[in-house]
Amino acid sequence: MKSSGRSHQKPSQPPQNPEALIRDILIRAKQTGDDRKPNFASLLQIAVNDPEDTEIITLLEEKLQESEMENLLAPDAFRATAPTQFDDVDGDIVLGMTSNNTVYGINRDALCRHMLTAGSSGSGKTSLLKILVAQLINRSS
Amino acid sequence: MALVVLAEKRNFRFPIRLSESAVVVPWNLYRDNALRNPPSVSLGSWCNESSQRIGDFDLRFASQSLFLELLKELHVEHGFTGEYWQSCPTLADLYQKVRKKRYPLMSHQARHRESLENRLSGILHHAGDVFACNRGIDLKKLLDHDFILELDGTIPEIKRLILSLLLSRILLYRIATGERTPHLRTLVIVDEGQNLFRRQEELSDSPSTLGHLITLAREFGCGIVVGVQNIRDVSYALTSNCAHKIGTGFSDMRDLDEFCRIIA
């Protein structure tokens, strides 16, 4: 992990494995009723709720800065439009992951307002439509 | 909820394994009388719609008008008033009527007659079995199933005609029979929809009315999901009416620019 260069309060104990830390945070998210995979913003919210745990806040701040730097160095045309809050991606039909690695879903009734999938040959348009068809059939049967 | 998939290739057969009500029909076994109105849709409005759909077959507005005139004459000759139990003339009957029609040589009408005759001849020679039937597929039964129509193995123009006629039928039927509802009742999925919603045609002197139908269908619980390759060639009516737009990756910068423009 890249260093943020900012001064943080040093943890009293040696830092844990970051993956283990994230796993702990996910378990906490599940315990609080949020059973979806949380993004950085919601992870940060969990950490803010527990201000004693400075290690988590430090880690999340570093991850956020790393993400911002990545965005700055390699801007993606779709990054700006990809949802960042889970409230935006809520839906009963899961379509896949966005370029931000967040789950993208859509409500069935929202399809009344039509959907367009565009992309070059072999980019996954038909696979997306297949996933949609399979989920609609499974839900109706 | 009824699911209708208009598939370009044979890669949408998996619903048969998932649902007992799923039906897969190859295009050459599909039957459609283009001149018969869908249930609950008036004959007059269907005549207008079918003339538009045949008109999409590279037919100018004046020739479409001749089509409409001869179609109405044909319906009167056969005593067809739009009831489901009546025998309806077919495209083959209309073709014969057009061939017998005589206009002064070098007149505008003779030119339109020739243009119409050529188009009908092309349709009947490429897909005669599909359109030379009196009754056609039962739309009510079709909408009781998960229906998959496979369109591989025919020329793009015929694909387009079959697709647009079926789409018009479903949309008009839902508009005529449905109540206004925010809930999804019918979902039509069109794979490779760039042939159906063409921007080039939208800019011509007789634009297709499919875009207008899509706008109306939304209020009646009829949704459309369209997959397209070259988004810069897709009609504005489609891009502006789709509330959800997903890009899966572009190999052409012009498509990427167009996609960024329409989601901006």
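In chain A, residues 24 or more positions apart account for 38% of the contacts with a separation of 6 or more. The model is predicted, and chain A has a mean pLDDT of 69, with 53% of its residues reaching 70 or more. Confidence within chain A is lowest in helix α1 (residues 18–31), where the mean is 65, and highest in β3(A), where it is 94. Over residues 1–15 of chain A, pLDDT stays under 50, and the model has 11 contacts beyond four places in sequence for this segment. Where pLDDT is low, the predicted coordinates should not be read in detail.

Chain A contains 4 helices and 3 strands. Read from the N terminus, these elements follow the order α-α-α-β-β-β-α. Of the 141 residues in chain A, 18% are buried. One position in helix α2 (residues 40–49) of chain A is L44(A). Between L44(A) and T58(A), which are 14 residues apart in sequence, the C-alpha to C-alpha distance is 9.8 Å.

The two chains meet through 32 residues of chain A and 44 residues of chain B. On the chain B side, the elements that give two or more residues are β1 (2–7), α1 (15–18), β4 (181–190), β5 (220–228), α10 (236–241), β6 (244–247) and α11 (253–263). The largest share of this side, 7 residues, comes from β5(B). By class, the side of chain B that touches chain A comprises 25 nonpolar, 14 polar and 5 charged residues. Strand pairing also links the chains: β3 (residues 115–118) of chain A and β6(B) run in the parallel sense and share 4 bridges. Within this pairing, T117(A) has I246(B) of β6(B) as its bridge partner. The chain A strand involved, β3(A), is the element of chain A with the highest confidence.

Chain B is assigned two domains, with domain 1 covering 2–30 + 138–263 and domain 2 covering 43–131. The C-alpha centres of domain 1 and domain 2 of chain B are 25 Å apart. Contact between these domains takes 19 residues from domain 1 of chain B and 14 residues from domain 2 of chain B. Helix α7 (residues 156–177) of chain B provides the largest share of the domain 1 side, 9 residues. That side of domain 1 of chain B has 8 nonpolar, 7 polar and 4 charged residues.

Helix α4 (residues 91–100) of chain B has L91(B), L94(B), Y95(B) and V98(B) as its buried residues. Viewed down the axis of α4(B), these residues fall within an arc of 105 degrees, so they line one face of the helix. An α-helix has 3.6 residues a turn, so residues three or four places apart point the same way.

Key:
Residues numbered from 1 in each chain as written. Chains lettered and ligands numbered in written order. Predicted model: local features only at pLDDT ≥ 70, side-chain atom pairs only at ≥ 80, totals over all residues. Contact = placed C-beta atoms within 7 Å. Nonpolar A, V, L, I, M, F, W, Y, C, P; charged D, E, K, R; others polar. Pairing = 2+ DSSP bridges. pLDDT = per-residue confidence, 0-100. Buried ≥ 20, exposed ≤ 12 C-beta atoms within 10 Å, placed from the backbone. Arc of directions from axis to C-beta. Domains from an automatic or database assignment.
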